[in-house]
Amino acid sequence: NIMTGSPISDLNPIFMASQTKLNFKSVHGFRQISMDNDFFTSYRKNIALPEEVLISIEIPFTSEKQYFKAFKQSRRRDEDITIVNMALNVEFEENVDKISKLSIAFGGMAPVTVLADQTCQQVIGYQWNDALLVKIYSGLLDELHLDPSALGGMPYYRQLLTLSLFF
């Protein structure tokens with residue numbers, strides 16, 4: 001999933017939202033890379049060098065005020081190919097429901113798995129309530145715009161799925 005870089009991978013949004021670290025080895029040595037918006041460079045391509053081998057991944061544990069969820073939508077129950085999937089990683093300030101960190105990653109919304117970084121940054125400090133939905137929905141629609149001719153078809157349906165999966 002990581003190295004083939006499928007934009008509809010079930011795991012890559014989870015790895016990106018969790019801020020997973022990737023450990024690579026080559027004859028030149030060891031390198032650790034964060035799996036973020038810079039990892040995938042284009043359709044099925046990433047920043048790993050041709051001589052590097054992915055040897056391990058480090059998925060961080062969650063903290064007491066951190067919550068992680070992942071969802072996917074397929075065409076039908078017996079077909080596992082994803083239309084859109086999402087991983088959400090949210091951390092709250094101590095003793096309040098204000099967001100201190102947020103990562104939302106989507107598969108199926110671009111030629112690569114993407115983090116909705118702009119949307120997430122806009123809601124830091126917001127309380128987790130209905131007003132947050134309006135801000136998130138607006139941000140996701142702006143940030144994850146699909147052209148009507150997008151590979152995979154159904155651009156408007158896929159955009160609506162991003163909102164539904166967040167909800």
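Predicted model: local features only at pLDDT ≥ 70, side-chain atom pairs only at ≥ 80, totals over all residues.
A salt bridge is a side-chain nitrogen of Lys or Arg within 4 Å of a carboxyl oxygen of Asp or Glu. In one, the side chains of K72 and D10 meet with an N to O distance of 3.0 Å. This pair links distant parts of the chain, 62 residues apart. K72 lies in strand β6 (residues 66–76), and D10 in the segment before α1. K72 is partly exposed, at 34% relative accessibility. D10 is also partly exposed, with a relative accessible area of 32%.

E52 forms a salt bridge with R31, and their closest N and O atoms are 2.7 Å apart. Because its relative accessible area is 10%, E52 counts as buried. R31 is partly exposed at 29%.

The largest nonpolar core comprises 41 residues. L102, I104 and F106 have the most contacts inside this core. Elements giving two or more residues include α1, β1, β8, α3 and α4. Strand β7 supplies the largest share, 7 residues. Beyond its sequence neighbours within four places, L102 contacts L88, N89, V90, C120, V123, I124 and I136.

S103 is found in strand β8 (residues 99–107). S103 is buried, at 11% relative accessibility. Its side chain makes a polar contact of 3.4 Å with that of Q19. Outside the four places on either side in sequence, S103 touches A17, Q19, A87, L88, N89, L115 and C120.

Notes. Residues numbered from 1 in each chain as written. Heavy atoms only, no water. Helix = DSSP H or I, 4+ residues; strand = E, 2+ residues; numbered from the N terminus. Buried < 20%, exposed > 50% of the residue type's maximum accessible area, 1.4 Å probe, protein only. Polar contact = N/O pair within 3.5 Å; in protein donor to acceptor, adjacent residues only side chain to side chain. Contact = heavy atoms within 4.5 Å. Core = buried A, V, L, I, M, F, W, Y, C linked by side-chain atoms within 4.5 Å.
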